[in-house]
Amino acid sequence: MLLHFALVVCIAAALSSCGNDDNNDESQDNTPKNSAVSVKLIHTNDHHSYLDSAAYDLTIDGVVTRVQMGGFARLAEVIQEERTSNSIVVNSGELNGTLYFSMFKGEPDFKVFNELALDGYTLGNHEFDEGDEGLAKLIEIANFPILSSNITPKPASPLYRVKDKIKPYVIKEIDGQKIALLGILKVEKTKNSSMVSDDVEFSDEIATAKKYVAELTAQGINKIILVSHLGYYNDLLLAKNVSGIDVIVGGDTHDLLGNPAQLAEVGLTQTYDNQTGPFEGYTHDGIKDEDLGSYPTTVTAPDGNPVHVVTAWCYARAVGILNVDFSADGIAQMAKGKLVIPVGGPYQQKDGSGTFVDVSESVKNSLITAINKTSLLRTKEVNTAIENILKPYRDQITTAMSQVVGTVTTTLGYDRIPTAFTAGSTPTGSYAAQIVTNAFKQTNPAIDIAIQNAGGVRTTINQGTITMGDIIAVLPFSNTVAMINMKGSDIVQVLNEAAYYSLHSGSSGAFPYASGLRYDVNLSGAEGNVITNVEVQDRTSGTWSTISANTVYTVATNSFTALGKDNYLSFKRVRDADPSVYEDTSILYYIPLVQYFENLPGKVLPALDTSTYCLKSVTN
């Protein structure tokens, strides 16, 4: 068992204290005698309940090869291989995104982390997706330190009963040196993009970091690692505004950092374009002047000392390994490392028809040799202990594919392009797409509007019982739900971009359906004038009014159209102009439809409500 292994090798690195005044004994001098020490940071983040490995196409020995990448059963093998008495293993948070979470609400995730014997886990915004009570239950499961310095549950919150398990920091002792692990999350995103209650108080990120750095420094601790869920740009921003932090192990924005040549060797590239907005009162001005994309990215704190920032991609694809040499003065004089990406079979390459097929045994052996010669990849079998944890949950998911999710009273067709109908008469078009957008809109309380391309819905939603397998047949792609803040004028423009394209390009699947919007359609309208008279529904009162050109609305869509695909160009334009307005929730886009059925009275989907259907009328 990994836990047994961790107890053996980490005896010298046991937790010595937590961020709590009760640990202080004024009768003795507990001030540490500081000296140099080397530490190995092993870290993961943003797994979003992607607990299993998944197929991924890499370039191996110059050939595109499909492998099984990551998954915690393989990550565990890397962690076990790398772990020493001088190592610290942390996770920077983020649940929700697969059926593991939809069905089991984070329980398997936390059992895996118990087995990994984490030294610290920082809460992210999605940890609150099942509300305060859901998170409280998970914290009760945890045998590892839960870190968050800038949340305070009030007595009315279920989190109050586990408040003593939520630590601002914990302290590790390595070679006689005390090293602090300080946790922090992004306030605005957590408050506005999760189900956290008003009975949880939040404090400013930078002010909180300064407070606890001062508290640790007063204890004589001069080696501080921030385990953050702030996002890459905000990690850099905090590092440039707070003295005393040496390393930031980050999460939230799914960034793939590393040496460009090493990444290119296996068909990967640096990615750090999914950034959230800056802290209130700050900007990201100047951040883009830094050495972005490097692992680590090193910036200078106000006291002139270096701060090394790392993060380890997402979806349990990789483990970050950072070796840090601290001076006696607590300065991280050297920080070097990289991601390690564990892979395994089956190994597949394209045949003459372009179909991925299993390679021969001799090619497989050559691939394994080539993989293990790369700087980033390692072949790994699955860890038995982790597999034993996940298998019962995985078996239940497999069984659930045939289980009934709900009942449909009337078959919902999926005609991509609507035919003409007058206002007040029976509407045409894709009723199935309308229900999908209704489900998207309920993904997050911040969402005002949801938009879905017709082609993303692949079949009818038939009358009668509907199973999990049926839902995945309706939404079979590996898309996720994305959120974009954009002005009403941009929303009208993106609707027209997609609608005109669907009518004139041959790509009928681009036609837009929406929830929280109603509009008239002129199938022969000029470019920019196919969709008119757009109304928006107030998400609180339910009343309808003309969409305001300058009002900013939160729009949900799928990750495909969010890239500007199917001619949804304004999604990409708005996102490129300010990446902070965009968030990929990492929730697979069929998950909201499952939850939509679960929330219906009796799990019964009634006939379509034509008063809220997005198409008011259609003319030829």
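Visitor: Which residues of helix H5 are buried?

Guide: This is a predicted model. In helix H5, residues 131-141, the buried residues are Gly131, Asp132, Gly134, Leu135, Ala136, Leu138 and Ile139.

Visitor: Why is Ala117 called buried?

Guide: Buried means under 20% relative accessible area. Ala117 has 16% relative accessibility, so it counts as buried. The residue is found in the loop between H4 and strand E6 (120-122).

Visitor: What is there to note about the phi of Ala117?

Guide: Phi of Ala117 is positive, about 50 degrees, although the residue is not a glycine. Most residues other than glycine have a negative phi.

Visitor: And Asp175, does that count as buried or exposed?

Guide: Exposed means over 50%. Asp175 has 54% relative accessibility and therefore counts as exposed. Its phi is also positive, near 50 degrees, and it is not a glycine either. Asp175 is found in the loop between strand E10 (169-174) and E11.

Visitor: Why does Ala400 count as buried?

Guide: The cut-off is under 20%. Ala400 has 4% relative accessibility, so it counts as buried. Ala400 is found in helix H11, residues 384-400. Leaving aside residues up to four places away in sequence, Ala400 touches Met103 and Met468.

Visitor: How far apart are Ala400 and Leu99 in sequence and in space?

Guide: They are 301 residues apart in sequence and 9.6 Å apart in space, C-alpha to C-alpha. For the protein chain, among contacts between residues at least 6 apart in sequence, 76% join residues at least 24 apart.

Visitor: What makes strand E13 mostly covered?

Guide: Of the 6 residues of E13 (residues 224-229), 6 are buried. On one side these are Ile224, Leu226 and Ser228, and on the other Ile225, Val227 and His229, so both faces are covered by the under 20% rule.

Visitor: Which strands pair with E13?

Guide: Strand E11 (residues 177-185) is joined to E13 by 6 bridges and runs parallel to it. In that pair, Gly183 stands opposite Val227. Strand E14 (residues 247-249) pairs with E13 over 3 bridges, also in the parallel sense. There, Leu226 has Ile248 as its bridge partner.

Visitor: What are the two faces of strand E15?

Guide: Strand E15 (residues 297-300) has Thr297 and Val299 on its covered face, with Thr298 and Thr300 on the uncovered one. In a regular strand the side chains alternate between the two faces of the sheet.

Visitor: What do E15 and E16 form together?

Guide: They form a hairpin with 5 residues between them. The two strands run antiparallel and are joined by 4 bridges, E16 being residues 306-310. Thr298 stands opposite His308. In the turn, Gly304 has a positive phi of about 90 degrees.

Visitor: Why are E23 and E31 said to stand at the edges of their sheet?

Guide: The sheet is open, with 3 strands in the order E23-E21-E31 and mixed pairing. Strand E23 (464-467) and strand E31 (604-605) each have a single partner strand, so one side of each has no neighbour in the sheet. Two strands pair if there are at least two bridges between them. Strand E21 (residues 404-408) and E31 run parallel and are joined by 2 bridges. Thr407 has Val604 as its bridge partner in E31.

Visitor: Which residues does a cis peptide bond join?

Guide: Another joins Gly345 and Pro346, with omega about 10 degrees. Pro296 is found in the loop between helix H9 (260-265) and E15, whereas Pro346 is found in strand E18, residues 332-350. Most peptide bonds are trans.

Visitor: Why does the radius of gyration of the protein chain agree with that of a compact globule?

Guide: For 620 residues, a compact globule would have a radius of gyration near 25 Å, and the protein chain has 25 Å, so the two agree. Buried residues make up 57% of the 620. The protein chain has 17 helices and 32 strands.

How values were computed:
Residues are numbered from 1 along each chain as its sequence is written. This is a predicted model: local features need pLDDT of at least 70, side-chain atom pairs count only at pLDDT 80 or more; totals for chains, interfaces and linings use all residues. Side-chain values use heavy atoms; hydrogens and water are left out. The radius of gyration is taken over C-alpha atoms; the globule rule is 2.2 Å times the number of residues to the power 0.38. Buried means under 20% relative accessible area, exposed over 50%, partly exposed in between (1.4 Å probe, protein chains only). Contact means heavy atoms within 4.5 Å.
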